[in-house]
Amino acid sequence: MSKFLSPDYEKLVPYTPGIQLNYEVIKLNTNESPFPPSPKVKEAVDGNLIDRLRLYSDPEVMQLRQAIGEHFSLTAENVFVGNGSDDVLAFSIMGFCGRGGKMCCPDISYGFYPVYADIFGAELEEIPLEADFSIDADKFCNKGKTVVIANPNAPTGLALSQKDIEKIIASNPGNIVIIDEAYMDFCKSSCNALVSKYPNLIVCRTFSKSHSLAGMRVGYALAQKEIIDDLNKLKYSFNPYNMNSVAIAAASAAIKDDEYYGKNTDEIIRIREKTKIDLAEIGFSGTDSKSNFLFVTHNKIPAETLYNELFRKKILVRYFSKERINNYLRITIGSENQMEALINALKEIIKELS
Ligand code: PMP
C-alpha cells in the first residue's frame, strides 16, 4: 500500500476473482459457458464496427436497452446496462444504500456483495443460510434495509421459489430489493414479470453465463423507470460511456437469438443433471443446484486436496476457504467431454488417495 491511498480504503478487502490462466486447461472455475456466442454475435461484431471505434459509444445505450426491453416485454426505460452485472450491482448498492445506508444479504453468497457494502459505506447484515444451505425467505422479510439476494444463490446453486421472492419484495416496500439473476436461465423461474408490479424491485442479470459473453462484460438491471433514471444519474456522474460499442453490438445481437441460447441452456441443464448422478456414484454429495455449476463435497477426500489434485491435472474448479463451505468444490458445468474428463480425473485421484 502506498502512503497516498485514502484512509477510507486502507482496510478494504477486494473481491478475489477465479483465476484465469494463459495456458490450456479444462476451465470449470468461473461459470462461463462451454459454448461459443451465437453466430449472430459474430456477424454483428465483424461488420463495419471497426470504423465506428474512433467515435464514442452511445451513452444512452439505446440499441441494447431497447432490445433487452423487448425481450422482457418491457421498454428501454426499464433497462439499465453496465460493464458486466458487477457494474450494475455496484451502481445499485452505491445508489440505494451507500454512505451509511443499511443492507443485508445471505452470509454465503456472491463474494462481491460485502465488498460493495464496504467500499460504498453501507452497514451490512449477513443473514446465515440454513444448515442445508437454503435461504429462509422469512428471514429476509420486513428488514427495513436494502436486500440483496442471488437467485439461484452462488455458490450453492439453490433457488428460492417465485412466491418466496415476491414475499420478500412485498414485505420491504420502503427499501430496494435486488434479485441477482446471474444464473436464472438455468433455473427458468425469473421474477422479471414482477418489475411492473413493484417499484422497489431491481432484477440484475448478465450476458456472462447463459449468453457466452463473459469476456464482453455486459450486465443489466430491469426495474421501474424511476429506479433506472436514478442508476443513469449515477452512471452519468461516474462514467457515461461505461459500455463500449463492441459490447453493445454483441449483446444486442445475442439477446435476439433465443433459439440458439435456449438450446445451449437446455444442454447445460441436461449435462448438469447427468453430472450430479456421475458424481454421486463416486462418493460426492451436494445441493440440488439449479445453476450452471454444482456445489459438492466428497465423503472421504477433503475439498482442498481435490482442488489441488485437479489443478495438477489441469482441471480448474473453484474452492472457497470460507468456514462452513471449506469442504466443498464449486464445479462449473462444461461440455459433455469436459465433464467426462473431470469424472475420469476424479476417479483417478480418489483411487490414488483412498
Ligand atoms: N452475480 C453473481 C451471483 C455472480 O456469480 C457473478 C459472476 N461472478 C456476477 C453477478 C457478475 O457477473 P458479470 O459481472 O460477469 O456480469
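Biologist: How many positive and negative side chains does the protein chain have, and how far apart do the centres of the two sets lie?

Modeller: The protein chain carries 40 positive and 46 negative side chains, and the centres of the two sets lie 2 Å apart. Lys and Arg are taken as positive and Asp and Glu as negative, while His and the chain ends are not counted. Each charge is placed at NZ of Lys, CZ of Arg, CG of Asp or CD of Glu. This is a predicted model, in which local features need pLDDT of at least 70 and side-chain atom pairs count only at pLDDT 80 or more, whereas totals for chains, interfaces and linings use all residues. Residues are numbered from 1 along each chain as its sequence is written, and side-chain values use heavy atoms, with hydrogens and water left out.

Biologist: What makes the radius of gyration of the protein chain agree with that of a compact globule?

Modeller: The radius is taken over C-alpha atoms, and the globule rule is 2.2 Å times the number of residues to the power 0.38. For 354 residues a compact globule would have a value near 20 Å; the protein chain has 20 Å, and therefore the two agree. Along its principal axes the C-alpha trace spans about 60 × 50 × 50 Å.

Biologist: Why is asparagine 232 called buried?

Modeller: Buried means under 20% relative accessible area, exposed over 50%, and partly exposed in between, with a 1.4 Å probe and protein chains only. Asparagine 232 has 14% relative accessibility and therefore counts as buried. Of the 354 residues of the protein chain, 53% count as buried.

Biologist: Where does asparagine 232 lie, and which residues does it touch beyond those up to four places away in sequence?

Modeller: Asparagine 232 belongs to helix H7 (residues 225-236). Helices (H or I, at least four residues) and strands (E, at least two) are DSSP runs, numbered from the N terminus. Apart from residues up to four places away in sequence, asparagine 232 touches Arg65 and Phe80; contact means heavy atoms within 4.5 Å.

Biologist: Which residues of helix H3 are buried, and what do they pack against?

Modeller: In helix H3 (residues 62-71), Leu64, Arg65, Ala67, Ile68 and Gly69 are buried. They pack against strand E2 (79-82), strand E8 (219-222), H7 and helix H8 (245-254). Serine 73, with a positive phi near 55°, follows H3.

Biologist: Into which domains is the protein chain divided?

Modeller: Domain 1 comprises 7-35 + 259-353 and domain 2 comprises 39-257, with bounds from an automatic or database domain assignment. Their contact takes 33 residues from domain 1 and 36 residues from domain 2.
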